[in-house]
Amino acid sequence: MEKLIITAAICGAEVLKEHNPAVPYTVEECVREAKSAYDAGASIIHLHVRNDDGTPTQDKNRFKEVMDAIHKVCLDVIIQPSTGGAVGMTNDERLQPTELSPEMATLDCGTLNFGGDEVFTNTENTIKYFGEKMIERGIKPELEVFDKSMIDMALRLHRKGYIKSPMHFDFVMGVNGGISGEMRDFVFLRESIPADATYTVAGIGRYEFPLAALAIIDGGHVRVGFEDNVYISKGVLARSNGELVEKVARMAKEMGREIATPAEARRILGLAQ
């Protein structure tokens, strides 16, 4: 079984300090949280960026500032910027961080009802456009799937040349409007991807650690972090992203699974060394 890649989604676009005071907004806070996760065993930092007041932005200059600052203290970490942005952003606005030539970036594979009147829109043409841009810029996409239909979309666009093999999926489970986070749902998604594909599981809220355990046992990979869950246990706020990563690393150790370094993660994911 391959070593476990742990991704830390340190801030997201929606979670606020009101939910957990440790949620990072500023450059310095993002560096602090990335370093805590990296030191605990994360080899990938999944990155959204904020303005200092906490409002989400896709501005490539802000991304560059944060990415450069993280790499000063986490020299070999893989930084995976989000192209999800926030509801209402244009495609090119969302794609700005890919202009910085990161090793990886996210590619959302479908539209989702986030709740109320919020709809996270990703049309087929949007997904094609993002896929083309990532191929053009030499970026490996992490295929964000919130339901089985999004896997089907990714596979169809792969056959048409918009997404290259081997594919890497992120099963985001437990989001309002998407698939739930039960074992049945995990097995359904897991059995729907190609044999040569890799995957990460991101369980939202109470699903985070139960799904992490399933992925560890199955040979998949795990994402944790404040974007997905701000609690270390029921009713107890996590003090840092690092504390969440530490819990997954401890679970993996108890199950006999070693943690991948950034270099090992690059090999597993087929990134340039």
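How many residues has helix 1, and what span does helix 1 reach from its first C-alpha to its last? In this predicted model, helix 1 covers residues 27-40, a run of 14 residues. The distance from its first C-alpha to its last is 20 Å, close to the 20 Å expected at 1.5 Å a residue. Just after helix 1, G41 adopts a positive phi of about 125°.

The buried residues of helix 1 are V27, E29, C30, V31, E33, A34, S36, A37 and A40. Elements that cover these buried residues include strand 1 (6-9) and strand 2 (44-47), together with helix 2 (60-73) and helix 8 (241-254). An α-helix has 3.6 residues a turn, so residues three or four places apart point the same way.

The axes of helix 1 and helix 8 come within 7 Å and cross at roughly 15°. Because angles under 35 degrees count as roughly parallel, helix 1 is classed as roughly parallel to helix 8. The crossing of helix 1 and helix 8 is right-handed. On the side of helix 1, the contact is made by E33, S36, A37 and A40; on the side of helix 8, it is made by N241, G242, V245, E246 and A249.

In soluble globular proteins, nonpolar side chains tend to be buried together. The largest nonpolar core of the model has 81 residues, and those with the most contacts inside this core are L47, I70, F169, F171 and V248. Helix 7 supplies the largest share of this core, with seven residues. A second, separate core has nine residues, including I44, I78, A260 and L271. Beyond residues up to four places away in sequence, L47 touches I10, F63, V66, M67, I70, I79, Q80, P81 and S82. One of these partners, I70, is itself listed with L47 among the residues with the most contacts inside the largest core.

A further site follows helix 7. G219 lies in the loop between helix 7 (208-218) and strand 12 (221-224). The relative accessibility of G219 is 23%, so G219 counts as partly exposed. Apart from neighbours within four places in sequence, G219 is in contact with M1 and R257. The C-alpha atoms of G219 and M255 are separated by 11 Å, and these two residues are 36 residues apart along the chain.

Definitions and conventions
Residues numbered from 1 in each chain as written. Predicted model: local features only at pLDDT ≥ 70, side-chain atom pairs only at ≥ 80, totals over all residues. Heavy atoms only, no water. Helix = DSSP H or I, 4+ residues; strand = E, 2+ residues; numbered from the N terminus. Buried < 20%, exposed > 50% of the residue type's maximum accessible area, 1.4 Å probe, protein only. Contact = heavy atoms within 4.5 Å. Expected span 1.5 Å × (residues − 1). Core = buried A, V, L, I, M, F, W, Y, C linked by side-chain atoms within 4.5 Å. Axes fitted to C-alpha atoms, helices over the stretch in contact; angles between N-to-C directions. Parallel < 35°, antiparallel > 145°, perpendicular 65-115°, else oblique. Left-handed = near helix turned anticlockwise from the far one by under 90°.
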